[in-house]
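Me: I would like a close look at a single part of the protein shown here, followed by its surroundings. Please keep the account plain and give the cut-offs.

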Amino acid sequence: EKMATDVREKPAALQQDVLPLSSARREKKKEKKRRKANPPEEAMKKGVIYVGHIPHGFYERALRSFFSQFGTVTRVRLSRSKKTGNSKGYGFVEFACDEVAKIAAGSMNNYLMCGRLIKCQFMDKAHRSLFKGHRTVFRRLSRRAASNQEFNRARTPEEHQRQVERLVKKERRKRGKLSALGIVYDFPGYAASAPSKKIKKTF
């Protein structure tokens, strides 16, 4: 009988310790509301600075490591060209604390680096999409490969016909220059290999 009573009493004890699912959700919602109503005083506000006149070769990694001496750097964005990926000479650095950002901007403004005076300014308001794509890695495009691909692409019959006509015209000008110089040089050239146009007969 004692064993039977113990087995029956265990589920009741477990039910007292475990809260229902609905009540647990309510407690979480209440906790969130309390945090929103009473935010922690030690929460830091992020600060962004503008960095201009950046020397060549001073890119994202160098910016992050250099400005990390002032405090924690959260994000870095260097403005680059969309076509070439080269640096435009200015960027933005975000710090975890706005006070640190103000100190960094004041200390680095008119700082001489690689023959350039760096311009730094603290931004009171930063656009929400200012750091959009800051993690994108820019890769240099091979212009030679792109031009070779364009040159070797398959031509349509109309484009091929225009290309043949241009070659024949150049060849005629060259024959005229040679004949004007008194040089007799007979060669078949492009005109012989070019397809002859069909002449429509009218009756």
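How do the residues of the lining of the largest pocket divide into nonpolar, polar and charged?

Reply: The structure is a predicted model, in which local features need pLDDT of at least 70 and side-chain atom pairs count only at pLDDT 80 or more, while totals for chains, interfaces and linings use all residues. Residues are numbered from 1 along each chain as its sequence is written, and side-chain values use heavy atoms, with hydrogens and water left out.

The lining of the largest pocket holds 3 nonpolar, 6 polar and 6 charged residues. Here Ala, Val, Leu, Ile, Met, Phe, Trp, Tyr, Cys and Pro are nonpolar, Asp, Glu, Lys and Arg are charged, and the others, Gly among them, are polar. A pocket is an open set of points on a 1 Å grid over the protein atoms alone, where a 1.4 Å probe fits and protein lies on both sides within 12 Å along at least five of seven lines; lining residues have an atom within 4 Å of a point. The volume of the largest pocket is about 270 Å³, counted as the space filled by probe spheres set on points joined across faces, edges and corners. It has 15 lining residues, and those closest to its centre are Arg 77, Leu 78, Lys 132, Gly 133 and Phe 138. The most lining residues, 5, come from strand E2 (residues 73-80).

Buried means under 20% relative accessible area, exposed over 50%, and partly exposed in between (1.4 Å probe, protein chains only). Of the 18 residues in this core, Ile 49, Val 51, Leu 63, Phe 67, Val 93, Phe 95 and Cys 120 touch the most other members. At least two residues each come from strand E1 (47-52), H3, E2, strand E3 (87-95), helix H4 (98-108) and strand E5 (116-123). H4 supplies the most, with 4.

Phe 67 and Phe 95 also belong to an aromatic cluster with Phe 58, Phe 66, Phe 70 and Tyr 111. The whole structure has 8 aromatic pairs; rings of Phe, Tyr and Trp (its six-membered ring) pair if their centres lie within 6.5 Å, with planes under 30 degrees apart called stacked, over 60 edge-to-face and the rest tilted. Phe 66 and Tyr 111 are a tilted pair because their centres are 6.3 Å apart and their planes at 50°. Phe 66 is in helix H3 (residues 60-67) and Tyr 111 in strand E4 (residues 111-113), so this pair ties together parts 45 residues apart in sequence. Tyr 111 is partly exposed, at 37% relative accessibility. Tyr 90 and Phe 92 make an edge-to-face pair, with 6.3 Å between centres and 90° between planes. Phe 92 is buried, at 10%, whereas Tyr 90 is partly exposed, at 29%.

Key: Core = buried A, V, L, I, M, F, W, Y, C linked by side-chain atoms within 4.5 Å.
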